[in-house]
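Biologist: I would like to learn how to read the packing of nonpolar and aromatic side chains in a model. Please take one feature at a time.

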Amino acid sequence: MATDWDDIKREYETTDISLCDLADKHGIKYPTIKSRKQRQGWTKDASIDAKDASSQFQDASRKSRAGPPRGNKNAVGHGAPKGNQNAVGNDGGAPKRNSNAVTHGFFRKFFPEETLEIMEQIETRSPLDMLWDNIVIQYTAIIRAQQIMFVRDQQDETKVLKKFKPLEFGDEKEWEYQHAWDKQATFLQAQSRAMATLQSLIRQYEDMCNKGLATEEQRLRVEKLKLEVGKLQSGDDDRPAEVVVQRWSQ
């Protein structure tokens with residue numbers, strides 16, 4: 001179910017709910033909702049804002065700052081010139097969606113919203129999780145290739161129309177024939193390269209696990225994957241390819 005950011009923004013701006021509680025309520029990671037708030041310039045009404053306390057997650061920008069001592073005149077005469085229009089229409093603050101202090105402000109100028117959403121999610125993942133994602137994607141591609149590049153037998157020949165040119169007394173056609181042995185050789189070469197890449201990723205993952213950077217669950221999942229890869233290489237895995245893909249893409 002897609003997240004309704006308009007409703008979440010409205011709830012934040014019109015109630016005294018904290019950013020931390022709002023994230024918990026809607027099942028959203030705190031860094032994600034915080035980044036969204038900063039990028040879109042969510043603001044509370046002054047009377048509500050005073051009540052907003054995000055406990056340990058509260059933005060540093062929202063901490064109270066002591067002003068000059070009562071009666072201090074250091075700033076007298078140094079306010080904005082009379083008639084100044086710089087902040088008109090913005091409640092005296094920066095323009096809505098201002099990116100001056102946003103971590104991804106630079107990227108927001110050039111990247112689409114969907115890309116920024118991905119970046120926000122990546123920020124919450126560890127290097128080990130990112131490496132595991134690459135392993136799963138690579139292994140999924142290898143399993144899927146078993147169906148796409150499967151060669152039935154020696155008579156499995158593919159005929160592809162390479163060139164077509166309509167003429168006055170008939171069409172000119174040029175065909176390309178892919179014989180079973182050519183297709184099988186191409187498949188074996190592609191699979192060998194893909195398996196080498198997968199094994200390299202697995203070794204990197206194991207190295208990180210051996211350095212104490214993994215939980216017990218993270219260590220066990222790579223052991224299970226090594227068993228799966230061993231079955232694939234030996235030809236002992238007789239399960240449908242889509243079952244294996246579903247198992248490791250979750």
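Modeller: Start with contacts of a single residue. This is a predicted model. Leu 198 touches Ile 135, Gln 138, Tyr 139, Ile 142 and Val 229, leaving out residues up to four places away in sequence.

Biologist: Which core is the largest nonpolar one, and which residues have the most contacts inside it?

Modeller: In soluble globular proteins, nonpolar side chains tend to be buried together. Here the largest nonpolar core has 20 residues, and Ile 135, Leu 198 and Tyr 205 have the most contacts inside it. Two or more of its residues come from each of α7 (127-148), α8 (180-210) and α9 (216-234). Helix α7 gives the most, with eight residues. Another core, of 12 residues, lies apart from it and includes Tyr 12, Ala 23, Ile 33 and Trp 42.

Biologist: How many aromatic pairs does the count give?

Modeller: The count comes to three aromatic pairs. In one of them, the rings of Tyr 12 and Trp 42 have centres 5.9 Å apart and planes at 45 degrees, so the pair is tilted. This pair links distant parts of the chain, 30 residues apart: Tyr 12 is in helix α1 (residues 5-14), and Trp 42 is in the loop between α3 (30-40) and α4 (46-49). Both Tyr 12 and Trp 42 are buried.

Biologist: Why is the pair of Trp 132 and Tyr 205 called tilted?

Modeller: Planes under 30 degrees apart count as stacked and those over 60 as edge-to-face, with the rest tilted. The planes of Trp 132 and Tyr 205 are at 50 degrees, so this pair is tilted; the ring centres are 5.4 Å apart. Trp 132 lies in helix α7 and Tyr 205 in helix α8, 73 residues apart. Trp 132 is buried, with a relative accessible area of 8%, and Tyr 205 is buried too, at 0%.

Biologist: Which residues form one aromatic cluster?

Modeller: Trp 5, Tyr 12 and Trp 42 do.

Biologist: Now the surface. Which residues make the nonpolar surface patch?

Modeller: Leu 161, Phe 164, Trp 175 and Tyr 177 make a nonpolar surface patch of about 400 Å². Strands β1 (158-165) and β2 (172-178) each supply at least two of the patch residues.

Biologist: Why is Phe 164 classed as partly exposed?

Modeller: Buried means under 20% relative accessible area and exposed means over 50%, with partly exposed in between. Phe 164, which is found in strand β1, has a relative accessible area of 44%, so it is partly exposed.

Methods: Residues numbered from 1 in each chain as written. Predicted model: local features only at pLDDT ≥ 70, side-chain atom pairs only at ≥ 80, totals over all residues. Heavy atoms only, no water. Core = buried A, V, L, I, M, F, W, Y, C linked by side-chain atoms within 4.5 Å. Buried < 20%, exposed > 50% of the residue type's maximum accessible area, 1.4 Å probe, protein only. Helix = DSSP H or I, 4+ residues; strand = E, 2+ residues; numbered from the N terminus. Contact = heavy atoms within 4.5 Å. Patch = residues over 30% accessible without salt bridge, like charges linked within 9 Å, V, L, I, M, F, W, Y side chains within 5 Å. Areas by Shrake-Rupley, 256 points an atom, 1.4 Å probe, with all protein chains shown as cover. Salt bridge = Lys/Arg side-chain N within 4 Å of Asp/Glu carboxyl O. Phe/Tyr/Trp six-rings, centres within 6.5 Å; stacked < 30°, edge-to-face > 60°.
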